[in-house]
Amino acid sequence: MKILVIGSGGREHALVWKLAQSPHVTQMWCAPGNAGISSECLTKNGAPVGCVNLAAEDLPRLLAFAQEKQVDLTVVGPDNPLALGIVDLFQQHGLKIWGVNRKAAQFESSKVFSQKFMEKYGIPTAAAGTFSEAAAAKRFCATLGGKCVVKADGLALGKGVLICANQAEAEKAVDEIMIGKAFGAAGANVVIQEYLEGIEVSLHALCDGKTAKIFPTSQDHKRALDGDLGLNTGGMGTYSPTPFLSDTQLADVAARVLEPFMRGCVAEGIDYRGLLYPGVILTKSGPKILEFNARFGDPETQVYLTRLENDLVELLDASVSGTLDAIELNWSPRASVCVIMASGGYPGNYPKGKIITGLDAANRLPHTKVFHAGTALQDGQIVTNGGRVLGVTAGGADVRAAQAAAYAAVAEIHFEGAQFRRDIAAKAML
Ligand code: AMP
């Protein structure tokens, strides 16, 4: 099988690494990929993975490439091409592609859509209202005593969520988003949720239009600094499994979230084939969904795929073909921890082009894999080329052992200004 993976981050490196192990794969490309992806080879025949210089949003050229190379399966990593309708486009041209179609991508691209869907189909979520008018939005904040979360409806690079402690802050947030257009058109409508307290976990489920198969739990670390301080980032590290939901509790959440989700999709004419990634908060009154993402998480993917024992090509193929019910997901009982090494200054401004050393030494450590995100090849050397640079991922008998292994690998790697959290997975051991 010939496979094309779309994207360039750590998530896509993990996808390529796992897909490359499948005996079904004879040739693979990634568009646009990164320096780590271009050094992967296929298990079946040793063929190198080719990086193609096409942007993930350049739908017409990606289509032309897939047609020219007669790609058998395209796998989409990031949310942007999904929201732009890459799946619909490829399908119109008779090409097999894994990822959600444009209608299903709305769960991520519109928080108003998701909130209304959750309420209609009884999916546990925060008490909330959706608004297109600032005065009504502010009145609703007052009914929550001002302690609320104001969310811009559309995609806002993860920045469109403002947490407010009182009515004055809530009114300022509504003004910034709806009047000041801080996030442009994404803020024409808002969702306002009650503020919830609890531990946050990431859920993932692979869906095929009828069946949803839940993954074990994982936990992301969104803030830049230790102790969950500093600015929000794309994610500074993950681990799996978490101690916060037992298998029985996870099955219960799946029944309360995934079952009505799939039923609602069928009722609304949404053919949900792809990955569903709900953000969940475990409150005193039970788990509540904060948001839906419609693709693999980054860096959740790095810990999931290092634990997954199934052939990923077979899983994604079943997700596209609607045959997931016949497949059981198998996970290693071992834990996995991913520590993100970022450029100095991230998530603000940061330099690029810093030489990275120690990658081979880190990768030689047992049960360790360094996934690349923002890296590039420059004059034969691997250099930094983005905010999040590497996802240093290691396995161990339990989370503590995996954490020690991940940080041992981090200690081998150097680049000027490297920043990383030192407490990834610490919450699992409290
Ligand atoms: P979202 O993109 O909607 O998941 O929001 C981003 C982050 O804001 C979440 O990961 C939470 O940390 C926080 N957040 C969102 N909604 C709420 C809420 N209703 N209560 C408390 N925190 C929230």
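Is Phe-296 buried or exposed at 2% relative accessibility? In this predicted model, Phe-296 counts as buried, because its relative accessibility of 2% falls under the 20% limit that applies to buried residues. The ring of Phe-296 is paired with that of Trp-98, the two centres being 5.7 Å apart and the planes standing at 45 degrees, so the pair is classed as tilted. Trp-98 is likewise buried, with a relative accessible area of 2%. Since Trp-98 belongs to strand S5 whereas Phe-296 lies in the loop between S18 and helix H10 (300-307), the pair ties together parts of the chain that are 198 residues apart in sequence.

The strand that carries Trp-98 belongs to an open sheet of 5 strands, arranged in the order S3-S2-S1-S4-S5 with parallel pairing. Strand S3 (50-51) and strand S5 (97-98) form the edges of this sheet, each pairing on one side only. The parallel pairing of S5 with strand S4 (residues 73-76) extends over 2 bridges, and Trp-98 is the bridge partner of Val-75. Helix H2 (residues 59-69) packs on the sheet, where it touches strand S1 (2-7), strand S2 (27-32) and S4, and its direction makes about 165 degrees with that of S1.

A further helix, H9 (residues 247-268), comprises 22 residues, which at 1.5 Å a residue should span 32 Å; the end C-alpha atoms are 30 Å apart, in agreement with that expectation. Among the buried residues of H9 are Leu-250, Val-253, Val-257, Phe-261 and Cys-265. The buried residues of this helix pack against helices H5 (102-109) and H6 (111-120), and also against strands S11 (205-208), S12 (212-214), S17 (273-283) and S18 (286-293).

The structure holds 20 aromatic pairs. One of these is formed by Phe-113 and Phe-117, which are stacked with 6.4 Å from centre to centre and 25 degrees between the planes. Both residues lie in helix H6, where, being 4 residues apart, they are separated by about one helical turn.

Notes:
Residues numbered from 1 in each chain as written. Predicted model: local features only at pLDDT ≥ 70, side-chain atom pairs only at ≥ 80, totals over all residues. Heavy atoms only, no water. Pairing = 2+ DSSP bridges. Contact = heavy atoms within 4.5 Å. Axes fitted to C-alpha atoms, helices over the stretch in contact; angles between N-to-C directions. Expected span 1.5 Å × (residues − 1). Buried < 20%, exposed > 50% of the residue type's maximum accessible area, 1.4 Å probe, protein only. Phe/Tyr/Trp six-rings, centres within 6.5 Å; stacked < 30°, edge-to-face > 60°.
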